[in-house]
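Subject: Handover of a structure

Dear colleague,

A short account of the findings comes after them.

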Amino acid sequence: MFFRKAEPKDAEILQVFMEELVNAPGNKELLKEKLQKIEKLDNYYLCLACEEDEILGTAMGILGEDICEDCRNFLVIENVFVRKECRGLGVAAKIFQELENWGKNNNAYYSILVSEDKRERAHAFYEKAGYKKMGGFKKML
């Protein structure tokens with residue numbers, strides 16, 4: 001397995017992944033535009049886990065600038081998705097390891113993520129990966 005940053009050419013498969021993740025249709029052209037923008041940003045890592053030409057899973061890491069204490073960065077992880085046939089095989093764990101290493105290499109001192117209450121299997125994975133359920137809030141804008 002190897003990792004690479006997503007590119008605009010990945011829009012079609014990423015749209016399929018995100019539609020399954022959120023159970024809602026997406027817009028391939030808008031996604032392609034967003035990928036063109038993201039690939040130029042140093043504080044974004046839209047990580048793809050691949051084997052040969054196949055994309056097994058993805059997650060997006062975003063570095064934020066903190067202003068507390070020694071002003072180190074923090075890492076936000078979003079849009080975690082692994083193909084159904086690849087779940088339980090360690091793909092997500094390797095994606096998280098890749099993103100966390102990227103975060104550490106970019107001076108991040110913690111990682112956060114948000115997950116819908118109903119995603120119990122994902123929550124079990126997050127806890128196994130070392131994340132603690134601390135309570136949080138989300139408001140749709």
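The model is predicted: local features need pLDDT of at least 70, side-chain atom pairs count only at pLDDT 80 or more, and totals for chains, interfaces and linings use all residues. Residues are numbered from 1 along each chain as its sequence is written, and side-chain values use heavy atoms, with hydrogens and water left out.

Helix α4

Helix α4 spans residues 120–128; helices (H or I, at least four residues) and strands (E, at least two) are DSSP runs, numbered from the N terminus. Ala-122, His-123 and Tyr-126 of this helix are buried, where buried means under 20% relative accessible area, exposed over 50%, and partly exposed in between (1.4 Å probe, protein chains only). Seen down the axis of α4, the buried residues fall within an arc of 100°, so they line one face of the helix; the arc is that of the directions from the helix axis to the C-beta atoms. Glu-120, Arg-121 and Lys-128, on the other side of α4, are exposed. The cover over the buried residues of α4 includes β4 (73–82), α3 (91–105) and β5 (108–113). Gly-130 follows α4 and has a positive phi, near 105°.

Aromatic rings

Eight aromatic pairs are found in a search of the whole structure. Rings of Phe, Tyr and Trp (its six-membered ring) pair if their centres lie within 6.5 Å; planes under 30 degrees apart count as stacked, over 60 as edge-to-face and the rest as tilted. The pair of Phe-74 and Tyr-110 is stacked, because the ring centres are 5.7 Å apart and the planes are at 10°. This pair links distant parts of the chain, with Phe-74 in strand β4 and Tyr-110 in strand β5, 36 residues apart. Phe-74 counts as buried at 19% relative accessibility, whereas Tyr-110 counts as partly exposed at 33%. Elsewhere, ring pairs join Phe-96, Phe-125, Tyr-126 and Tyr-131 into a cluster.

The largest pocket

The largest pocket holds about 890 Å³ of space. On a 1 Å grid over the protein atoms alone, a pocket is an open set of points where a 1.4 Å probe fits, with protein on both sides within 12 Å along at least five of seven lines; lining residues have an atom within 4 Å of a point. Grid points are joined across faces, edges and corners, and a volume is the space filled by probe spheres set on the points. The lining comprises 28 residues, of which Ile-112, Leu-113, Val-114, Lys-132 and Met-134 lie nearest the pocket centre. β4, α3, β5 and α4 each supply at least two residues of this lining, and the largest share, six residues, comes from β5.

Single residues

Met-60 is placed in strand β3 (residues 54–65) and is buried, with a relative accessible area of 11%. Leaving aside neighbours within four places in sequence, the contacts of Met-60 (heavy atoms within 4.5 Å) include Ile-38, Val-76 and Leu-99.

Glu-52 lies in the loop between β2 (44–51) and β3 and counts as exposed at 73% relative accessibility. Asn-107 lies in the loop between α3 and β5 and counts as partly exposed at 39% relative accessibility.

Yours sincerely
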